[in-house]
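Biologist: I would like a close look at a single part of this model, with the rest of the chain as background. Please keep it plain.

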Amino acid sequence: NIDTIRHIPTTIVHGRYDVVCPLHSAWSLHKIWPEAKFEIISDAGHSLSESGITKYLLKALADY
């Protein structure tokens, strides 16, 4: 049902070393929603408190 939200500006942010949510899940979402920006944070895992995740989320918010 991605078409119901496809129009909403979205950024998918995923830590490369996330062991809670596998990277392939985010990639699968991006493949069916190519309009969404997709960023893999190379030095981060799952936590919002990791500096790479926080930095990119704040950038995404500023862009919107």
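Which residues make up the largest nonpolar core?

Modeller: The model is predicted, and what follows is computed from it. Six residues form the largest nonpolar core: Ile2, Ile12, Ala26, Trp33, Ala36 and Phe38. Membership requires that a residue be buried and be joined to the set through side-chain atoms within 4.5 Å. Ala26 is one of these residues. Leaving aside residues up to four places away in sequence, Ala26 touches Ile12, His14 and Phe38. Of these contacts, Ile12 and Phe38 are listed in the core together with Ala26, while His14 is a further residue that Ala26 touches.

Contacts between residues at least 6 apart in sequence can be split by separation: 65% of them join residues at least 24 apart. Buried residues account for 30% of the 64 in the chain.

On overall dimensions, the C-alpha atoms fill a box of roughly 30 × 25 × 15 Å along the principal axes. The radius of gyration is 12 Å, which agrees with a compact globule, because a globule of 64 residues would have a value near 11 Å.

The charged side chains number 6 positive and 7 negative, with the centres of the two sets 4 Å apart.

Terms used: Residues numbered from 1 in each chain as written. Predicted model: local features only at pLDDT ≥ 70, side-chain atom pairs only at ≥ 80, totals over all residues. Heavy atoms only, no water. Buried < 20%, exposed > 50% of the residue type's maximum accessible area, 1.4 Å probe, protein only. Contact = heavy atoms within 4.5 Å. Rg over C-alpha atoms; globule rule 2.2 N^0.38 Å. Lys, Arg positive; Asp, Glu negative; His and termini not counted. Charge placed at Lys NZ, Arg CZ, Asp CG, Glu CD.
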